[in-house]
Amino acid sequence: MKTKIEVCLVFMILLIGSTSVIAATSNVQKSYDKMSSSNENTTLITEFGTGEINEYNESGTLIWSYPAINTCDAERLQNRNTLIADASLNSVIEVNENGGIVWQKSGINLPLDADRLQNGNTLITDPANNRVIEVNVKGEIDWEKDGLNYPVKAQRLENGNTLIADAYDHRVIEVNAAGDIVWQKTDLSQPCDAERLQDGNTLICDAGDNRVIEINADGDIVWEKDGLNGPMDANRLENGNTLIADYLNNRVIEVNNIGEIIWQLSGLNLPRSVERVKPELSMNPLYMFIPNSVSIGKICAYIRNNGGNLSNIYWEINVTAGLTKKSYFANGTISLLKGDITEVCTGNSFGKTAIKLRFGGISGYVLVKIEGFETKIEFSGFIFGRIIIITEYGPSEE
Ligand SMILES: [Ca+2]
Ligand SMILES: [Ca+2]
Ligand SMILES: [Ca+2]
């Protein structure tokens, strides 16, 4: 079966320069098969056959799509943007909800995987150069592991080490910051994905053997799902099930701990990566707007709060008055208690919890951050108004 996956990877490379062929294969009916209740989350899938990134709800309805040409991996970030390994651009890009590129690392020949790290850097597999790199926000390489043989996926572990599916060396390795191998599983068949699980086991797409396996630290197989066709991505879900991109079977399946399929989306077009997106990450928790043509008005920031008290809102308002730049309300934190409504923005029905700040000036910006999310809005024209921060979803009313 190794031959088949090799062909598959070669096919993938051929596709990079052949977009007209890709478009011809895109007209596929999605079918949905629910055998028992899954959950209300959405599923983000890169479909290599069309190059698109598609987000489906549980019943298989397309709810968001990014019309790329050749993408191999995508993940939804905490700020609700989507990080994409885009081979047609030779780049890793971060796009916002509207598809606007807000960050880009170019000059990577065939990026297959990109992960945003906790330090804000991005971990990227660069198989054409047989390496995995970590780049900072400026795109500079902060860390690198070279000498690999077609690394397909990588994961930064909690201990700071990096787990790499090194496909053509048929192994999964864990390397430390110095690049030394501290753990490995050899004798695999073109592993295309690996992730370290909470209990220390490792989940591997043993693609050439058409199976997903879970092994313990000693390398013993403790769980297996076979009968697949070139699986490219597997993720252990919080509910204990495993979500698998069954690449050459053109489907994504969720299987339980005895391997039964409990949910699937079929009729896909070479699903190469898959991720379950939590509901709280499927909506922007933070919105701000300035109503059109406002000379005296409001800037509103909506913050979604899933319950409890909002606290540690970082806010910063910077206002330019004439030629003099002034800062009003420099920055700080605000504790917001449940039910503490001070004002509701015009025309909205969200108001649950709010704070209100006053400022005045000609132009400037407002920046609000909460719990790792941030949003910034720039304004021009005279404004003497207020910023109102309210929760879209406050704690449920008793
Ligand atoms: Ca990734
Ligand atoms: Ca990864
Ligand atoms: Ca995975």
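Predicted model: local features only at pLDDT ≥ 70, side-chain atom pairs only at ≥ 80, totals over all residues.
Local features are given at pLDDT of at least 70 and side-chain atom pairs at pLDDT 80 or more, while totals for chains, interfaces and linings use all residues. Residues are numbered from 1 along each chain as its sequence is written.

A residue counts as buried if 20 or more other C-beta atoms, placed from the backbone, lie within 10 Å of its own, as exposed if 12 or fewer do, and as partly exposed in between. Beyond its neighbours within four places in sequence, I244 is in contact (C-beta atoms, placed from the backbone, within 7 Å) with residues including V212, P231 and V252.

Four strands (DSSP runs of E, at least two residues, numbered from the N terminus) form an open antiparallel sheet in the order β13-β14-β15-β16. Pairing requires at least two DSSP bridges between two strands. The edge strands, β13 (151–156) and β16 (181–185), each pair on one side only. Strand β13 is joined to the antiparallel β14 (residues 162–166) by 5 bridges, and P151 has D166 of β14 as its bridge partner.

R276 lies in strand β25 (residues 271–277). Because 19 other C-beta atoms lie within 10 Å, R276 is partly exposed. Its contacts outside four places in sequence are N41, T43, N235, L237 and L243. The C-alpha atoms of R276 and N235 are 8.6 Å apart, although 41 residues separate the two along the chain.

Notes
Chains lettered and ligands numbered in written order. Contact = placed C-beta atoms within 7 Å.
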